[in-house]
Amino acid sequence: MNKKLSILAACTFGVFGSMSAQHQPRLGKSPINEIISAMTIDEKIDLLVGFSDEDTSDSIPSATIGFTKKIVPGAAGITRVIPRLDIPSIVLADGPAGLRIDPRRPGTDSTFYCTHFPVATSLASTWNAPLVKSVGNAIGNETLEYGVDILLAPATNIMRNPLCGRNFEYYSEDPILAGKLTSAMIQGIQQNGVGTSLKHFALNNQETNRTGNNVLVSPYVMHELYLKPFEIAIRESNPWTVMSSYNKVNGEYASESSLLLDSILRRQWGYKGPVMTDWLGGQDAVKQAVAGNDLLMPGLKKQRKVLKDAVENGKLSTHILDRNVQRILELIIKTSRFQQYAYTNTVDLGANARTSRMAAAEGMVLLKNDSLTLPLDKSRTGRIALFGISSYDFIPGGTGSGDVNRAYTISLAEGLKQAGFRLDEKLAELYDTYIKKETDALPEWLFGDPVRRIAEMEVSDTLIQAQASGPDMAVVTIGRISGECHDRNLTDDFLLSQTERKLIENVCTAFHQKGKKVTVILNTCGVLETSSWKEQPDAILVAWLAGQEGGNAVADILTGTVTPSGKLPMTWPVSYEDIPSASNFPLEGYKENIDSTCYKEGLFVGYRYYDTFDKPVSYPFGYGLSYTTFDYGNLSIEKKEDVVEISCQIINSGNKTGKEVVQVYVSFPDKNENYPTKELKGFAKTQILQPGETETVTVRIPLSYLKRYDETADCWKLPQGVFRFCVNSSVEDCRLTGKYNL
């Protein structure tokens, strides 16, 4: 009898076991709630904790750049696969200036280079949302074809201080400019069927002690300035994911903050997708899960154990676990990997390089152009004396997760040669020899080390005098680079080094004595002090970190192939001491503002401060020269439902083709000492205008952009009264004004 029962039991188990396997839910074929119900606690936790190559709890750094050898070598990380439910891994990779993966893979001679596009600051200087979207589209295509599901970009933190080490990854000191261009980038990337990760949410405005710094900021300043670009991007572009920042905000880690991740991001802004940590971000996995930080990256054993223990002892409810799992599953279903896209591992690097070159040129800002020094006439200035190490070793981008493994970088020397200019070969040889020797002597760079770049080469007066007697003009390039983990320095960084100052002065003196002109190129990650030396050269061009085609793009501007139309997305002050956050930003050698930083300047960041308090600047926000001129006229202001439309005519009144950026600043009816005199609320860029051609430009400003945040009521309110609208060419250059009663 017992034997018969055993046989019957075995048969019964076999039948029901077979039925159970047959009816087991599958992602994409079954409702997500059925998938979640079928998952074990371990599987749920596995899905919420990334799958790291170094899956250990020992020797954990406080932050790191992501790297995995799995699926797509060189990507930043992956999630865990759950085969029995058809849940695949998805691949996440950096970064902001182009996809960052390994260019070579074991077992193949094929290469997997990506395009290094201009950094975000350069793109912001275009003030051209459609162009930024086109760059995003190119980045998104490479992301798709190389098998990556989520690009860990863009970053849209406010440039509170010019010494922030990651400012090159950010767009602007202004939230409207930053938010609109961030939205364009997200739209461009995601139209390829891959996702983005909007970062670093929020208030990641310094790299010094970035994993421990506590930002102290008032609610209205946080909402109106630092959160606004994120809000615009969330509402207008719907990024697939959001990345929380390392720092604390008012005493609480951003990745553990229910205020940021639930109340503001999800309840107020309506965001539906998952939030992930920055790599190794935060301290408490349970608090992160409860706050709505769904995915912990890159994933550690100890995090899984902590979550499992919390579920078992009742500190973490299965409801929270299921909620977070659902967001991850909804993300996975959207990915090309889940949809079994046939990755080609082939991209059109040539076409993308052309896009990069075009964007780089449009983002370059002409600060000075005395006596029409530029554009160059090759019949008169065909021979160029090229000074500065960065002329020969052009910097395409920053370090860290914002770097790109590209196939090449076009130096300024190469760009000028390809444009038909002749360079002094002996001078070039001196620089090349010096650069190789000094670079070889640098110690190996490891993650967390300060950014290293060799010092500027000292050039003798004799050599400079000899050059002044030969070539038709001189170009001096000054280079600056920055990156993760460290902020920039004041000396020999924001301020030019003594060698650089001497080089500019001596070259200008020698060439001017011969009746020849000098142009300075700033191949820089951000703002430099210029007031003490800007009177010396005849022309100054900010080239930024312009990507792999930087040298060609500079040549396009110098020759007039492209008319400069870039405008500064931040203010260039007279001195560092003039910066409103100068007294509460961590400087090398100082112990203040390391553990906590009080944003006591309030809303008075960048032009909001200089303009309101009439503080002189070296170059104002929104400033940039052209090879032509523009006239403004026929202003019209009209309210249409929940939008204010400002229209005007722009006419190219010069004798060269060009584009103009129309900037609309608004002064509010209520006078309040806590608010700036005027703020940028909208902008637009013309098409290329021929001499004499006119274009009607319309800037649409949502009424939501005109609201003030009421701390007491915890809501936005539209002030009543007469608003003043200024249509400007820069924050200081008002062309048209009008008033409207709202």
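This is a predicted model: local features need pLDDT of at least 70, side-chain atom pairs count only at pLDDT 80 or more; totals for chains, interfaces and linings use all residues.
Figure 1. Most peptide bonds are trans.

**Figure 2. The cis peptide bond between Asp-94 and Gly-95.** Asp-94 and Gly-95 are joined by a cis peptide bond with an omega of about 10 degrees. Gly-95 belongs to the loop that runs between strand 2 (91-93) and helix 4 (120-124).

Figure 3. Strand 19 spans residues 630-640 and contains Asn-634. Asn-634 is not a glycine, yet its phi is positive, at about 55 degrees. Most residues other than glycine have a negative phi. Is Asn-634 buried or exposed? With a relative accessible area of 58%, Asn-634 is exposed, because the cut-off for that class is over 50%.

**Figure 4. Asp-714 in the loop between strand 24 and strand 25.** The loop that holds Asp-714 lies between strand 24 (708-710) and strand 25 (715-717). Phi of Asp-714 is positive, near 55 degrees, and the residue is one other than glycine. The relative accessible area of Asp-714 is 43%, and the residue is therefore partly exposed.

**Figure 5. Gly-550 and its contacts.** Gly-550 lies in helix 20, residues 550-559. Its relative accessibility is 0%, so Gly-550 counts as buried. Which residues does Gly-550 touch, not counting those up to four places away in sequence? They are Met-364, Phe-394 and Ile-410. Ser-411 is 139 residues from Gly-550 in sequence, but the C-alpha atoms of the two are 6.8 Å apart in space.

**Figure 6. Helix 3 and what covers it.** Helix 3 comprises residues 41-48, and its buried residues are Glu-43, Lys-44, Ile-45, Leu-47 and Leu-48. Among the elements that cover these buried residues are helix 2 (32-38), helix 11 (301-312) and helix 12.

Figure 7. Helix 12 runs over residues 318-334 and has 17 residues. At 1.5 Å a residue, helix 12 should span 24 Å; the C-alpha atoms at its ends are 25 Å apart, which agrees.

Figure 8. The largest cavity has a volume of about 170 Å³. It is lined by 23 residues, and the closest to its centre are Met-159, Asn-161, Pro-162, Val-527 and Met-570. By class, the lining has twelve nonpolar, eight polar and three charged residues. Why does the largest cavity lie between domain 1 and domain 2? Domain 1 (33-334) and domain 2 (364-562) both give residues to its lining, so the cavity lies between them.

**Figure 9. The domains of the chain.** The domain assignment gives domain 1 (33-334), domain 2 (364-562) and domain 3 (630-741). Between the C-alpha centres of domain 2 and domain 3 the distance is 36 Å.

How values were computed. Residues are numbered from 1 along each chain as its sequence is written. Side-chain values use heavy atoms; hydrogens and water are left out. On a 1 Å grid over the protein atoms alone, a cavity is a set of points where a 1.4 Å probe fits but cannot get out, and a pocket is an open set with protein on both sides within 12 Å along at least five of seven lines; lining residues have an atom within 4 Å of a point. Grid points are joined across faces, edges and corners, and a volume is the space filled by probe spheres set on the points. Ala, Val, Leu, Ile, Met, Phe, Trp, Tyr, Cys and Pro count as nonpolar, Asp, Glu, Lys and Arg as charged, and the others, Gly among them, as polar. Domain bounds come from an automatic or database domain assignment. Helices (H or I, at least four residues) and strands (E, at least two) are DSSP runs, numbered from the N terminus. The expected span of a helix is 1.5 Å times one less than its number of residues. Buried means under 20% relative accessible area, exposed over 50%, partly exposed in between (1.4 Å probe, protein chains only). Contact means heavy atoms within 4.5 Å.
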